[in-house]
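User: I would like to learn how to read a model like this one, feature by feature. Please give the general idea each time, then the case here.

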Amino acid sequence: MGLSRAIVCDLNYAVDHLAELSQELGFKVERVQRALVKPNICGLYHPSLDLLSSIVEFLLLNAESVVIGETRSMMHEPKEQFEKLGVVPLLKRFGNRVKAVDLSDDERVEVQVPNPHALKKIALPRTVLESDVLVNVPKVGTHSTTRLTCALKNLFGLLPEKRKYLRYHPLGMDKVVADIAQIVKPDLNIVDAGSKTILGVDALAVDVVACKFVDLNPLIVKHLRLASEDRNEKLETFVKKFDMVEL
């Protein structure tokens, strides 16, 4: 089966069959203390609330608690977005086992980047590093500086600075995204692609598939190329070998 596998299915099917799809990918949540879900709440593209709800239900089968985590952006505050996008009413369905958290207020921990492109160290919220499971939930779209915004780019939203764009853009956004990808490795990526959903345990594989939904050639997306090279593999080789299943 391998890590580099992605499943594409209707969004409604993913909502109703998330446990089976996750098992198909080889992802299984053992009994854990805390699972962290990172949806794109403060960016341009927001994932389906039905999909987010299904993810939380699935995780609560084996997690004591679930944190829906986001950081501030220049455009939005997490608290306001949680309310506006319907996450707060969602929390009420699950009681005190699920919380929506502004990770910008979390204690920050500096982590060394193994193969730096732009950053030797990255400060991340402690919750990100100490959660037992991380589920990455972006919505695919295009982006003015990175061409693609999807699984890997969504991890940029874990940086706790509000003015992160101003701080990191001069360094090269693709390089920064590739640096984060060396440290933060989601256990499962679930992408809202409109009427479709893309699922995979490998964020790079998921992003390659996602390019098809926004008419992008993955070979021209620089952070995909850098992420592949950080695995000692050319992106051209990776694109040819991974397994995509359409349901």
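Analyst: Start with Ser 228, which lies in helix 11 (residues 222-229). Helices (H or I, at least four residues) and strands (E, at least two) are DSSP runs, numbered from the N terminus. The model is predicted: local features need pLDDT of at least 70, side-chain atom pairs count only at pLDDT 80 or more, and totals for chains, interfaces and linings use all residues. Residues are numbered from 1 along each chain as its sequence is written, and side-chain values use heavy atoms, with hydrogens and water left out.

User: Is Ser 228 buried or exposed?

Analyst: Buried means under 20% relative accessible area, exposed over 50%, and partly exposed in between (1.4 Å probe, protein chains only). Ser 228 has a relative accessible area of 0%, so it is buried.

User: Which residues does Ser 228 touch?

Analyst: Contact means heavy atoms within 4.5 Å. Leaving out residues up to four places away in sequence, Ser 228 touches Leu 204, Glu 233, Lys 234, Leu 235 and Phe 238.

User: How many residues does the largest nonpolar core have?

Analyst: A nonpolar core is a set of buried Ala, Val, Leu, Ile, Met, Phe, Trp, Tyr and Cys residues joined through side-chain atoms within 4.5 Å. The largest here has 48 residues, and Leu 148, Leu 152, Val 184 and Ile 198 have the most contacts inside it. Elements giving two or more residues to this core include strand 1 (5-10), helix 9 (173-183) and helix 12 (235-241). Helix 10 provides the largest share, seven residues. A second, separate core has 36 residues, among them Leu 25, Ile 68, Leu 91 and Val 135.

User: What does Leu 152 contact?

Analyst: Beyond its neighbours within four places in sequence, Leu 152 is in contact with Val 177, Ala 181, Ala 203, Leu 204, Asp 207, His 223, Leu 224 and Ala 227.

User: How many of the residues of helix 3 are buried?

Analyst: Nine of the 12 are, so helix 3 is largely enclosed by the rest of the structure. Leu 51, Ile 55 and Phe 58 are among the buried residues. For length, the expected span of a helix is 1.5 Å times one less than its number of residues. Helix 3 (residues 49-60) reaches 16 Å from its first C-alpha to its last, close to the 16 Å expected.

User: What caps the N-terminal end of helix 3?

Analyst: A polar contact is a pair of N or O atoms within 3.5 Å; within protein, one must be able to donate a hydrogen and the other to accept it, and residues adjacent in sequence count only if both atoms are side-chain atoms. The cap is Ser 48, with a side-chain oxygen 3.2 Å from the backbone nitrogen of Asp 50.

User: Where is Leu 171?

Analyst: Leu 171 sits in the loop between helix 8 and helix 9 and, at 38% relative accessibility, counts as partly exposed. Leu 171 and Ala 118 are 53 residues apart in sequence, yet 6.0 Å apart in space, C-alpha to C-alpha.
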